[in-house]
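Subject: Structure handover

Hello,

Here is the structure I said I would pass on.

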Amino acid sequence: MHKKSAGRNDQAEAHPLATLPFVPPTPGGKPHCWTVPPVGGPVEDYASAERTGREYAVQFVQWLQANPSVAGMGILGWIASDIDYKAPGRSGYWVGFFSCIECLLVDPVTVDGN
């Protein structure tokens, strides 16, 4: 008999956030909702990090639209609380992310780009 898990430990169901590029998959519990590389690695500079942050925002909004049952659960707050605002070389990501979220609140048509 094939048993389909409907419990909290089923990673596919418990962590749909892990499909976002800034949320790494974690076994059980709440995932860390903001993991980005330092600038100077795969992302060359602040401007590139800011563009990446904007792309993350668009992906997050599209993810919410595809998963409307989780809207209003405070996921944006989880993201905000997991950001290390003092991490050197990573501020471009969250600046771009939140700047884009603000723009999308004013003009949601821009969700398909910047």
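This is a predicted model: local features need pLDDT of at least 70, side-chain atom pairs count only at pLDDT 80 or more; totals for chains, interfaces and linings use all residues.

Helix H4

Helix H4 runs over residues 91-106, which is 16 residues. At 1.5 Å a residue it should span 22 Å, and its end C-alpha atoms are 23 Å apart, so the two values agree. The buried residues of H4 are Gly92, Tyr93, Gly96, Phe97, Phe98, Cys100, Ile101 and Leu104. Among the elements that cover them are helix H2 (46-66) and helix H3 (75-82).

Aromatic pairs

The count of aromatic pairs comes to ten. One of them is formed by tyrosine 56 and tyrosine 93, which are stacked, with 6.4 Å from centre to centre and 10° between the planes. Tyrosine 56 belongs to helix H2 and tyrosine 93 to helix H4, so this pair ties together parts that are 37 residues apart in sequence. Both count as buried because their relative accessible areas, 11% for tyrosine 56 and 0% for tyrosine 93, are under 20%.

Phenylalanine 60 and tryptophan 63 also form a stacked pair, at 6.4 Å centre to centre and with 20° between the planes. These two residues are three apart in helix H2, so about one helical turn separates them. Phenylalanine 60 is buried, with a relative accessible area of 3%, and tryptophan 63 is buried at 8%.

Which residues do ring pairs link into a cluster? They are Phe22, Trp34, Tyr56, Phe60, Trp63, Tyr93, Phe97 and Phe98.

Regards

Key: Residues are numbered from 1 along each chain as its sequence is written. Side-chain values use heavy atoms; hydrogens and water are left out. Helices (H or I, at least four residues) and strands (E, at least two) are DSSP runs, numbered from the N terminus. The expected span of a helix is 1.5 Å times one less than its number of residues. Buried means under 20% relative accessible area, exposed over 50%, partly exposed in between (1.4 Å probe, protein chains only). Contact means heavy atoms within 4.5 Å. Rings of Phe, Tyr and Trp (its six-membered ring) pair if their centres lie within 6.5 Å; planes under 30 degrees apart count as stacked, over 60 as edge-to-face and the rest as tilted.
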